[in-house]
Structures are given as C-alpha cells and as structure tokens.
Amino acid sequence: MDDGYRNTNLYQGGRDTNQVSDDYRYQDGNYEGYTSNDGYYRGGDEPTHEEDAQSDVTEGHDEDDEVYEGEYQGIPHPDDIKAKQKQRAPAGDDDYRDRADLMAERMEDEEQLAHQYENIIEECGHGRFQWTLFFVLGLALMADGVELFVVGFVLPSAEKDMCLSSSNKGMLGLIVYLGMMVGAVMLGGLADKLGRKKCLIISLSINAAFAFLSSFVQGYGFFLFCRLISGLGIGGSLPIVFAYFSEFLSREKRGEHLSWLCMFWMIGGIFASAMAWSIIPHYGWGFSMGTKYHFHSWRVFVLVCSLPCIASLVALKFMPESPRFLLEMGKHDEAWMILKHVHDTNMRAKGEPERVFTVSYIKTPKQVDEFIEIQSSTGTWYQRWLVRITTTFKQVWDNVLYCLTAQYRMNTLILAVVWFTMALSYYGLIVWFPDMIRYFQEEEYESRVKIFDEEEVSHFTFNFTLENQVHRNGEYRNDKFIGMKFKEVRFEDSLFEECYFEDVTSSETFFENCTIISTVFYNTDLYEHKFINCRLINSTFLKEKEGCHMDFEEDNDFLIYLVSFLGSLSVLPGNIISALLMDKIGRIKMIGGSMLISAVCCFFLFFGNSESAMIGWQCLFCGASIAAWNALDVITVELYPTDKRATAFGILNGLCKFGAILGNSIFASFVGITKVVPILLASSALVGGGLLALRLPETRDQVLM
C-alpha cells in the first residue's frame, strides 16, 4: 500500500512524479532521502565537497587558520555559518537553493500533506483515543476556567489577611489577566517550534507549581508574583489545547468536538463556584503557626483549585505528541507510529482489532529552518544555551511576522478586532454584573440604617454587636465597650468621657468630630485613621491589634457564589447548540449571530434595577455569547497552517486578555455612577465585531493546512 493514499485528484498541479528524489518514500524497507540522526528531511544525497574534506584533514596545520582551544573542529563556528553558505552555492543543489524556491516547494508539499493527512485521520476513525485526549485536554481547559474565578472569590478574605488597599485589590484582580496575556503569546509561539505536548506540560507545570505555592505565601507581593506566574502558565495552555486537539480530528468532526471541548471552561467555573461556596465560609478550616503564619480557609480553596491542572498534567504524560506537528518537523517515523497507535486503539475499541493500518507513505514537507546546534565541546554551557534560546525565539518571532504577511494579514486583523471586541464586552460585563449586584445590596443595606440622635448613656457595659447605625450628638460617660464588634457604625459630634474600650473589633466604623476625654483603648483595632477631626484629651491607646482580621462573615457571600455558579451554568444551552450547529450553519454565521444576539441582550440591562433582574440578564448574556467564543476558537485553529497555528492563536488570545483588562477597568469605574456607558460600550463593540466577522472566510469545508 505504498500509494494507498496518493489520490491523483488531490495532487494536480504538483511536481512531476518522476522527480522521486525529492519525495520521502518507503521502498524495500529503506527510507530514501531521510537522515535519521537529526530527524530532518533531506531531498537527495548530500553533496561531497573536496575542499571541505581536505580542510578537515589539514585543519590546525595551516598557519592562516587559527584553531581555538576547546572548539570542535569538525563543526563550523556559528559566526562562520553565513560565510560558509556563500562559499557553498553550486547551482541546482537542493540544500543551497534560493530560499524563496524552497518556501514555494514547502507550501506545495504542505498542501499535499494536508489532504493526505485528512485521509489518514479518517482511516484512523474517531473513537477511544480522541475521547481520552478530549478529557485530558478538557482538564487543562477546566484549569483555565478555574483560574479566572480564583482571585475574585478569595479577595474578600485575602484583603483582610493581607491588609489590602483598594488599589492592591484592583491589581490582584488584573494580574492574572496580565500573566495569561504574556503566557498565551510566549508559550503559544513555542508550541509551534518545540511541540504541543512538551509546551503544554511546561505550561501546566508552571501553573500548578505557582498556584500551589500561592496558597502558602503570606505577603501580598509574593502572592501577587505567584498569581502572575500562575496566570502565565495557564494562559499558555489555551492556544496549545485547541491546536493539539484539532490535529487529531477529521474535517467532519472538528467543529463539533472542539465546541464540546469548550464545555470544560464552563465546568471549571462551576467547580470554582461550588468549592468557594463549600470551603471559604468555613473560616476555621486552617491552622496557625505562631502569630505570623496563618493558613485560613481561602488558602485551602486556592489549593483545591489547582487539582484540575495537576490531574491534566499527570494524564498528559501518557498522551503522544501531535503527529501533524511531527510531520511538519520532518519526523516521519514518529508520526507514523503515533497514527498507527491511534488507528489500533480506535479499532480495538470498536471490536475490529484485525483492521490493519494501511498507510506506508506520508508526505513530509521540505525543512527550511536552519537551527544552529553547538556541540558540547564548543564554548561554555551558557553560550550553548544562549544560542539555542535566541535561535528559538527568532523562529517564534518569524512566525509572528508571518501571520501579518499578505496571505494572512487581512484575516489576522479581522480576527484581532473580533477577539478584542468580544473580550472587552464579555469580561467587562462579567465583572460589572457582580459589582452591580453588590451596589444594589449596599443601597438596600443603607436604606435600613438606624439613626440615634442626642442619646445619653452612662455607667453601661456594651458587650454585643452594633451594626448599621449612626449616632449623632450623643454623650457617653463612664461606659465600657468590652468584647464587642462595630459594623458599619458612625459616631458624629459625640462625647466620650472616662470610657473604656477593650478587645473591640470594627469594620467600616468611624468617629467624626467627636471629643474623647480620659478614655482608654486596650487591644482594639480603632486606629488613628478612624478618628476624623476628633479631639483626644488625656486618652490612651494600649496594645493595639496587629495586622488585619476577619472581622465579620459576610451574609451575602453565598449570593456572589450563586451568581457565578448560575453564570457558568447558563452557558450550557449555548454550548450544546453551538456544538450541534457548528458544522451545519458554519463558523461565520455562528460568530455574527451570537454577537448580535448578545448585543440585543445588553440593551435589556437598562431594565435591570434589582438583584434578581441582574442575575437573569447575566445568565441570558452568557448563554448567548458562548456560541461566538466557541466559533472563534474553531475558526482561529482552521485559518492558519500547522507550523503557525498555536502562534496565531496565542497572539489573538493574548489580545483577548488585553481586552479583558481594559473591560474590567472601564466597566468597574462606572458602577454606582451610570449604566448607560457600560451598556452602550458593550453593545456597540459586539455589533461592530459581529458585522466585521462576516468578512472572514468560511472554513468548515477545508482541511487543516
């Protein structure tokens, strides 16, 4: 079956079939044109250069040629490579022909490989192997979904444990997106050079290690750093996951099953919400070591949220590299063995173990990149690594620039706008919804405030909680405030004379324009900034409470968890619909329709004047917009060739995270001020992006290049 997959209709316009010296063929058990020691394709026998051979024999004996100590003499120094290439340029030699000709030949080879690979994947079938990989990569995508919710859930607790200011809280909320933005671009680009599996393992390892570490660190700066690096790791996993899985799917299965894979992002949100609801309110779930180290329940939650990433990392060890990537790298034998394994696994699961994998010939594209490798005897270790790293990143940068060449420029720019507008509106509103719900709660809470005017209390002991009260023009003489809590309490223009405060904890409590005479404060958190324009006469502060404390358990925390849970669950119908219709109506109509419907949902937010209404509109918006996200993931994978796929996805996903940062910052600034700007901004961005998406080419009928 040497030619079992060479369909003449698929190779019209190719080179003359008599030119067999440039093809990678299998004959009589030998691979022609293949050098196994470096894994790269070689088009024909290597030429013999008498001058080079003579130079190798006599090297070190010519006075004009200085031999550097420690240099491996059989391999040219990297600085001399360009000079050597100019010296060796005989006409007609494949290894030294013009780069443009090599690129044209490689593109021709890639087109032939794309059609042949589609036929091979169809022969392998869709079965146990793809479903196993589906769940392994799904756990990685689930970890990405969890990462977005972790900081939002732990902030109310972490701000008291770490004494966070408002600016610190805002930075902690945005730092994860910043890390994901950098990770998507960097690790996505590396995945096209080092391999899908290897880079995904690196990505998940970084996330798991620093997510685990962040649950134990005490200081704000170190915690911020850990979440940044953790976000960098999980951000790199997203472009790799979709590129990796798509290369094991046939054309007729690709759109549907990539959409099913997106459901794990929803599962990640549900998992994070459920764990937060179950763990964080139990403040006693932890331990302390002395007075400095505290491991509270929110740290247990951070630890639990790293489990999907760790599970995916372990399972990924048993999965193979993408054979499509290996073929692009010229590694025919490895790719063939993996494809045979996929075929045999699926056939055994279907009860047809006797089915034989009939493929013996797979087209391998010409290798154009010249990777400089320095032997261990050349230079120092850091010089060798520096050459490897700089060469790899130069190749990644070339891939980035390739996405902006004439062939892909228009598609890349359109996709960039669509990704950005989608992220700006979606992530902006996702933050805006909970903030608006909190705003409604605060308004309702303030409406129930109790006001006490001109009260006079003397020789009384307060040992209970005062909450949501305003005391004006009061007089307190010889009173004791012992073991009590103040929550949202204000004393205005009041007199405290010969009073005693001991073991008092306060939250949002202030004394304004008060006179405090001969009063003792012992072991309290009534710090100086809580006394505004007050006169303190002969008053003493002894043994103030140190650090920050979990003063009160918020009664409405469960509602925030519930909102996130319902928001995540509401995308289930949209996921199902998009998966079933992705290959029927196409990616473009799915993106445009979903974004326009989401824009209409935004206008109904004008009628959201209560908590229940905001929760309902949030669920509707999330359910309508998820189809656009799924279609964007699919079309981004399909529009770019294999050796640029993860790079392009990483660039666009990094731009998406930049849109998320802007959306979070802009929309949050209008909470409690106006709803008009966030609603109009989100709806106009969705309409513009949806209409522009209609100019993209439809990809549901094309093979993966």
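In which loop does Asn609 lie? Asn609 sits in the loop between α18 (587–603) and α19 (611–639). The model is predicted.

**Asn609**
- Asn609 has a relative accessible area of 56%, and because the cut-off for exposed is over 50%, Asn609 is classed as exposed.
- Leaving aside residues up to four places away in sequence, Asn609 touches Phe440 and Lys675.
- The C-alpha atom of Asn609 is separated by 9.4 Å from that of Met436, although the two residues are 173 residues apart along the chain.

**The open sheet**
- An open sheet is formed by 5 strands, ordered β6-β9-β12-β16-β19, with parallel pairing.
- The edges are held by β6 (456–458) and β19 (535–537); each has a single partner strand, so one side of each has no neighbour in the sheet.
- From one strand to the next, the twist averages 5 degrees.
- Within this order, β12 (residues 495–497) pairs with β16 (residues 515–517) over 3 bridges, in the parallel sense.
- Phe496 stands opposite Ile516 in β16.
- In general, strands of a sheet pair through backbone hydrogen bonds.

**Helix α5**
- Helix α5 (residues 166–194) has 29 residues, which at 1.5 Å a residue should span 42 Å; this agrees with the 42 Å between its end C-alpha atoms.
- A kink of about 30 degrees in α5 is centred on Leu174.

Technical notes: Residues numbered from 1 in each chain as written. Predicted model: local features only at pLDDT ≥ 70, side-chain atom pairs only at ≥ 80, totals over all residues. Heavy atoms only, no water. Helix = DSSP H or I, 4+ residues; strand = E, 2+ residues; numbered from the N terminus. Buried < 20%, exposed > 50% of the residue type's maximum accessible area, 1.4 Å probe, protein only. Contact = heavy atoms within 4.5 Å. Pairing = 2+ DSSP bridges. Axes fitted to C-alpha atoms, helices over the stretch in contact; angles between N-to-C directions. Expected span 1.5 Å × (residues − 1). Bend = angle between axes of the 7 residues up to and from the residue.
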